[in-house]
Amino acid sequence: MERVCVIGAGSSGIAACQVLSARGIEYDCLELGSEVGGNWRYQNDNGMSSAYRSLHINTSRQMMEFKSYPMPSHLPVYPSHFQIAEYFDDFVKHFGFRDRIRFRTEVVSVTAAPGGYTVTSRDRDSGEETSRVYRSVIVANGHHWSPRMPEPAFPGSFDGEEIHAHHYKTPEPFADKRVLVLGIGNSACDIAVETSRVSKRTFLAMRRGAHIMPKYLFGMPTDHLTTSPLARFAPKWLQTLSMSMMLRLSRGKLSDYGLPEPSHGVFSAHPTVSDDLLTRLGHGDITVKPNVRELDGSGVVFEDGSREDIDVIFYCTGYKFDFPFLDGAEFPAVSSEDNEVSLYRRVVDPDHPGLYFVGLIQPLGAIMPLAEAQAEWIADLESGRAALPPVPEMKAEITSYREGLRRRYIASKRHTVEVDFLHYQRELKAERKAGAARV
């Protein structure tokens, strides 16, 4: 009962473990796979990693690193997933808590119990199940592992291969094939770029336009500009105007490359980061199409009435928030089909004290330092240094947050947990201060 259970040893889970260790809070961490790193462990044997062979981070290492353990300076500005996984290994080794992680352990269920939560887990090797009561549970199982297919499904039928981006690893299997990539997010752009180098033809189809941001602007990592001293205090309209002008100067109009012009502001949707897409479009190696209207046997009909023969469709259509160990009837705050979650400050379930979620955010920036900050707040609550406000106040904050999302972002299942990196850091800092005053 005096222990906390951390579910998952990905980037958010190990951030929580480090903070709990530093605060002297007893815990167990349960991890389905054989190693730490979660999504950043290529071909992770937990079956949940979406990493492909060529993946590199799209936020700079200076933005992504944990505050408690900076990345080595010899790493490139945008490391590969292999380098990130090694960094996570070194992080765990440096702080000495690998022995607190039970690997190859599947969490079967979490249920409320008097004074805490009963966590039932299963050993993947022996099949033996174990139940233990913990005073609190930190859920850190990630939200980029349960593929979401198009909703509703496209009418018609397709004779070729249909693959979600989650299962893409390398381009070689798609050599000399006619490939359609559906989406305009980061994975869609990467897959379109890679397959276009080996395919017979590659098409990129999308429902709406998106702002394509390079990794560098004027010789500087782009996210260094968005987190500069000016950006920290400039109003949102000025940040938007400044970034729009810099993008226009550096790459011109997106319509010049055959892409639809976005109908929303540059910070009104999660950014798409790609240095290669515009070049491949300029070379004619990728053909832009509107959204799919229907599947047509050996091909696809698009909304403009055109038809193309297609061998493979990649659905880069996002992910579902999935917590298979939480019963939706008991924990409705995180059981929405539309990725809607009802968590105070994106962390606390108001109706279930001691149930926390770390990393269940989609930041304009990197998750890792924000997950670390979330864990610090949780440790405040668990150690008695801070207290939560009354439940009505927490639910009012959730309502206010959702209203803010609707005002700022385009309507999408992708933007239900969006946070601004700098603003959310300040929000958590203010909450920790307010929580300390409640004790």
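Modeller: Let's start with Lys289: its side chain makes a polar contact with the side chain of Glu308, at 3.4 Å. Please keep in mind that this is a predicted model, where local features need pLDDT of at least 70, side-chain atom pairs count only at pLDDT 80 or more, and totals for chains, interfaces and linings use all residues. Residues are numbered from 1 along each chain as its sequence is written, and side-chain values use heavy atoms, with hydrogens and water left out.

Colleague: What makes the pair Lys289 and Glu308 a polar contact?

Modeller: A polar contact is a pair of N or O atoms within 3.5 Å; within protein, one must be able to donate a hydrogen and the other to accept it, and residues adjacent in sequence count only if both atoms are side-chain atoms. Lys289 and Glu308 make theirs at 3.4 Å. Gln362 has one too, from its side chain to the side chain of His143, at 3.3 Å.

Colleague: Why is Lys289 called buried?

Modeller: Buried means under 20% relative accessible area, exposed over 50%, and partly exposed in between (1.4 Å probe, protein chains only). Lys289 has 12%, so it is buried. Gln362, at 11%, is therefore buried as well, and so is Ile286, with 5%.

Colleague: Which residues does Ile286 touch, leaving out those up to four places away in sequence?

Modeller: Contact means heavy atoms within 4.5 Å. Ile286 touches Ala192, Val193, Ser196, Thr202, Leu204, Leu277, Arg280 and Leu281.

Colleague: Why are the buried residues of α7 said to be on the same side?

Modeller: They are Gln239, Met243, Met246, Leu247 and Arg251. Because they cover an arc of only 100° around the axis, they lie on the same side of α7. That arc is taken from the directions from the helix axis to the C-beta atoms. The face turned away from the buried side of α7 carries the exposed residues Trp237 and Leu249.

Technical notes. Helix = DSSP H or I, 4+ residues; strand = E, 2+ residues; numbered from the N terminus.
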